[in-house]
Amino acid sequence: MTFKKLQFNFEKIRPWLTLLAIAWLLASLGLGWLVNSLVIILGLLFLLPVIAFLGFRWWLQKNLVTSQCPVCGYELTGINNSQVQCANCGEQLLVKNFQFQRFTPEGTIDVKAVEVQAQSLED
């Protein structure tokens, strides 16, 4: 191994050696609490985003509803206990109890039409 290759490898690890030397110096001076607190802060900075991401995914899995529009049958996705609009027919919908329901303002009576077969008198 030539001297240049050895020097190149040393250049790569120089910042880490410097950081280790500073941490060792602080620990030997009785400032180990400072080193420990810095390690804890750095650990939290790396762990908190991961924990937040996993928590958001868990919440989304528990509250995301995928079902059909009760008016037109279009496949929709919404968050439980929220209000959405159907992309196909434009109907305002409420997401309650993990189901889509038509949004009816207070005082409105919502009815379902039923088709009845007519019979002629001659039969």
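**A guided reading**

Guide: Let us begin with Asn63, which lies in helix H2 (residues 32–63); helices (H or I, at least four residues) and strands (E, at least two) are DSSP runs, numbered from the N terminus. This is a predicted model, in which local features need pLDDT of at least 70 and side-chain atom pairs count only at pLDDT 80 or more, while totals for chains, interfaces and linings use all residues. Residues are numbered from 1 along each chain as its sequence is written, and side-chain values use heavy atoms, with hydrogens and water left out.

Visitor: Is Asn63 buried or exposed?
Guide: Buried means under 20% relative accessible area, exposed over 50%, and partly exposed in between (1.4 Å probe, protein chains only). Asn63 has 19% relative accessibility and therefore counts as buried.

Visitor: Which residues does Asn63 touch, not counting residues up to four places away in sequence?
Guide: Contact means heavy atoms within 4.5 Å. With those residues set aside, Asn63 touches Gly78, Ile79, Asn80 and Phe98.

Visitor: How many helices and strands are there in the protein?
Guide: The protein has two helices and five strands. From the N terminus on, the order of the elements is α-α-β-β-β-β-β.

Visitor: How are S1 and S2 arranged?
Guide: Two strands pair if DSSP finds at least two bridges between them. Strand S1 (residues 64–68) and S2 run antiparallel and are joined by five bridges; in one of these pairings, Gln68 has Glu75 in S2 as its bridge partner. S1 and S2 form a hairpin with six residues between them, and Gly73 in the turn has a positive phi of about 85°.

Visitor: What is the order of the strands in the open sheet?
Guide: The open sheet of three strands has the order S3-S4-S5, with antiparallel pairing. Strand S3 (82–85) and strand S5 (99–102) stand at the edges with a single partner strand each, so one side of each is left without a neighbour in the sheet. From one strand to the next the twist averages 35°; axes are lines fitted to C-alpha atoms, for helices over the stretch in contact, and angles run from 0 to 180 degrees between N-to-C directions. Four bridges pair S3 with strand S4 (residues 92–96) in the antiparallel sense, and Gln83 stands opposite Leu94 in S4.

Visitor: How many disulfides are there?
Guide: A disulfide is a covalent bond between the sulfur atoms of two cysteines. The rule applied is a pair of cysteine sulfur atoms within 2.5 Å, and by it the count comes to zero. Cys72 is in no disulfide, as the nearest cysteine sulfur, that of Cys86, is 3.7 Å away. The sulfur of Cys86 is 3.6 Å from the closest cysteine sulfur, in Cys89, which is too far for a bond. Cys72 is partly exposed at a relative accessible area of 33%, whereas Cys86 counts as buried at 3%.

Visitor: What does the C-alpha trace of the protein span along its principal axes?
Guide: The spans are about 110 × 40 × 20 Å. Of the 123 residues, 10% count as buried.
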